[in-house]
Amino acid sequence: MMIGFINAFAEMFSFENVRWDDVLTATYETLYMTVISTVFTFIFGLVLGIILFLSSKSEHAASSPVYGVTAFLVNLFRAIPFIILIILLIPFTKVVMGTIMGSQGALPALIIGASPFYARLVEIGLKEIDKGVIEAAESMGAGTWTIIRKVLLPESLPALISGITVTAIMLVGSTAIAGVIGAGGLGNLAYMVGFTRNQSDVTLVATVVILVIVFIIQIIGDLTAKAVDKR
Amino acid sequence: MIDIRNATKIFKTKNNDIQAVDDVTLHIRQGEIFGVIGYSGAGKSTLIRMLNGLEQPSSGEVVIGADVISTMNRTKLRKKRQKVSMIFQHFNLLWSRTVAENISFPLEIAGVPKKDQKRRVAELIELVGLTGREDNYPSQLSGGQKQRVGIARALSNEPEVLLCDEATSALDPETTDEVLDLLVRIRDEMDLTIVLITHEMHVIRKICDRAAVMEGGRVVETGPVLKLFQNPEHGVTKRFVKDDINDEETALSFEEVREMFPTSKILKLGFVGSQSKAPIVSQVIKKYNLDLNILSGNIKRTNNESYGHLYVAIDINETDLGNLERELAEHDVTVEVEG
C-alpha cells in the first residue's frame, strides 16, 4: 500500500507524459476564455448592478417593477448550476456564436453565468457609497447620468475592482468546468489527458498553471483596488 | 428673496403618516443670515431640503427669487440648484477627488469650460484659506478643512442662496467659530443669502440676523435674534436660550457669598442690547464711589449686540441703590436684588 502510494507520487512528478506545447495551448485557451468573459461580465454586471441600485432606491413608482424583474432574472441565473447552464444555453450559443464547441462556444455560458453574480457585487458596492455624497451631487444640479459617471462609479471603484477580481477567479474555475465538456483549456487538458488516460503528471501541471493564473489575478486586483482607494 | 408659504410635508409610511413640516410660512430677506433652530425631529431638515427641491412640499409653495421651486420641472430645478447650493453636516465630499477636483465638481456639472474651472477653483481655495491643500484628498484634511472645501464647492457657481444643513454640528467649538466667521465673511463679500439649520443656539446667536424656532414641524417663534434672546415667548425658545446661557458653570450659592460679604447686597445686572459694549458698570460705580466684587458673569455676543448677566456683591445703601438702578436702566441694564 505504501509502495503503491509512492509509485503514484513518483509518476505524478515524473512529467514524462507532459507535452508542453499542449499545456501552452491549453493555457492560452483558458486565458482567452477568462479575459473575454471577464470583460463582458464586467460590462453586463455593471449595467445590471447600476439598474438594481437605482431602481431599488428611487421613490418613483415605475421603478419598482424594474427592480422586481431585474432582481428576479439575476437570482434565477445565479441559481442555475453552471454545468446545467452550459447545456441549457446550447441552442442560444449555436445562434450567437455559430458553434457550441471550443473556447468560443463556452463564452455565452461563462458570461451569462457570471454577470448576475457580479451585478450583485456591484449593487453591494454602490450601496456602500455615502448617501450624503449622492444627495450633495443632486443638490448641485447633477442629473442621473452625471451621478452615475462622476459619483457612483468613482466612489465605488475599489469595490468594483475587488468584485471583478473575485468574479474573474470564479471564471477561471468555470472555464475548467466548461473544458470538461469540450471548451478546451486547462480543465479540458486535466480531464481528457490527465483523467481519461490516467496521466496524473498532466493533471498536476494543469493544476499548477491554474493556481498561478488565479494568484496573478488576485495580486493585480488587490494592488489596483488599493491604488485607487484614497479613503 | 425666499418665500415659504403654508408649506406642509407629510411622509407616508406603512403604518402611519408623519407630518414633518406643518403649515410653515416664512419670509427670508436678500442678504440676511436666517437661522432655523429646533431639536432633532422638529422638521428643520425637511424644511431646508424644500428650498432646493430635494424634498417637495405635500402642499404649499416654496419660492426663491422669481422661481417657484415646488412646481419647477426637473431640468429647470437642476439649473436652479446651481444657484441655491448647500453645505452639509458631514461635508459629503467625494473621497475619490482631490480638494481642487471636489471644488470644480459643480462647475463640471454646470458645463463651465476647463480653463475657467481652474481659475475659479484657485480663487475659491484662496477665499476659504486652503492654499497649498489643492492636491490633498479629503481623508488628509481635518473636519474644519473639509467644511471649508464644502463651502468653496458650494460657492463655485456663484450662488444666490447658501443652505447650511447643520454645517458646524460635527466640528469642535473652535473650528465652529472659524467656519461661522467664514460664513459671515462670504455673505458680506458675495451678497449671499444664507439659510442655516442647527440645534445649537450659539450658532444662531453668533451669526444669524433673524431666526425661526421649530417644534413638531411648526414654526413656533420667529424674530430678530436679539429679540429671541431678550424676550423668548415660546417654551422651546426659552429652553434654547437658557441652555445657551447656562452652558458654563454659573451656579452660585448665595449663602456662601453672604458669609463672605456679610454687609453686601447681591445684585444681578442684566444686559440686553448694544449698550453693554460701553463700560457702563465701571462708569457708574466710579460716579458713586462704590466697591464691588464680581461673583459670576455670563455675557454673550450676538451678531451685533450683547446680552447676559453679571452677579456682583456690593456695599450700598438704599439711596445709592435707587440711583444706581435708575442710571443703569437708562443704559438698558436691569438690576435685581437677590435674596
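The largest nonpolar core has 132 residues, and Leu110(A), Leu51(B), Leu163(B), Val195(B) and Ala211(B) touch the most other members. A nonpolar core here is a set of buried Ala, Val, Leu, Ile, Met, Phe, Trp, Tyr and Cys residues joined through C-beta atoms within 7 Å. A residue is buried if 20 or more other C-beta atoms lie within 10 Å of its own, exposed if 12 or fewer, and partly exposed in between, with C-beta atoms placed from the backbone. This is a predicted model, in which local features need pLDDT of at least 70 and side-chain atom pairs count only at pLDDT 80 or more, while totals for chains, interfaces and linings use all residues. Residues are numbered from 1 along each chain as its sequence is written, and chains are lettered from A and ligands numbered from 1 in the order in which they are written.

- Domain 1 (2-245) and domain 2 (254-338) of chain B both give residues to the core, so the core lies between them; the domain bounds come from an automatic or database domain assignment.
- Apart from neighbours within four places in sequence, Leu163(B) is in contact (C-beta atoms, placed from the backbone, within 7 Å) with Ile48(B), Leu51(B), Asn52(B), Val84(B), Met86(B) and Val195(B).

**Strand β8 of chain B**

- All six of the six residues of strand β8 (residues 193-198) of chain B are buried, so this strand is largely enclosed by the rest of the structure.
- In a regular strand the side chains alternate between the two faces of the sheet.
- From β8(B), Thr193(B), Val195(B) and Ile197(B) point one way, and Ile194(B), Leu196(B) and Thr198(B) point the other way.
- Strand β3 (residues 33-37) of chain B runs parallel to β8(B) and is joined to it by five bridges; strands pair if DSSP finds at least two bridges between them.
- Within this pairing, Ile33(B) stands opposite Ile194(B).
- Strand β7 (residues 161-165) of chain B also pairs with β8(B) in the parallel sense, over five bridges, and Val161(B) stands opposite Thr193(B).
- From β7(B) the chain crosses through helix α6 (residues 173-190) of chain B to β8(B) in a right-handed β-α-β crossover; right-handed means that, with the strands pointing away from the viewer, the path from the first strand over the helix to the second runs clockwise.

**The open sheet of chain B**

- Four strands form an open sheet in the order β2-β1-β4-β5 (chain B), with antiparallel pairing.
- The edge strands β2 (17-28) and β5 (67-68) of chain B each have a single partner strand, so one side of each is left without a neighbour in the sheet.
- Strands β1 (residues 2-12) and β4 (residues 59-64) of chain B pair over five bridges, and Ile4(B) stands opposite Val62(B).

**Between the domains of chain B**

- The centres of domain 1 and domain 2 of chain B, taken over C-alpha atoms, are 39 Å apart.
- Their contact takes eleven residues from domain 1 and eight residues from domain 2.
- On the domain 1 side, α8(B) gives the most, with four residues.

**Between the chains**

- The contact takes 20 residues from chain B and 19 residues from chain A.
- On the chain B side, the largest share, four residues, comes from α3(B).

Technical notes:
Contact = placed C-beta atoms within 7 Å. Helix = DSSP H or I, 4+ residues; strand = E, 2+ residues; numbered from the N terminus.
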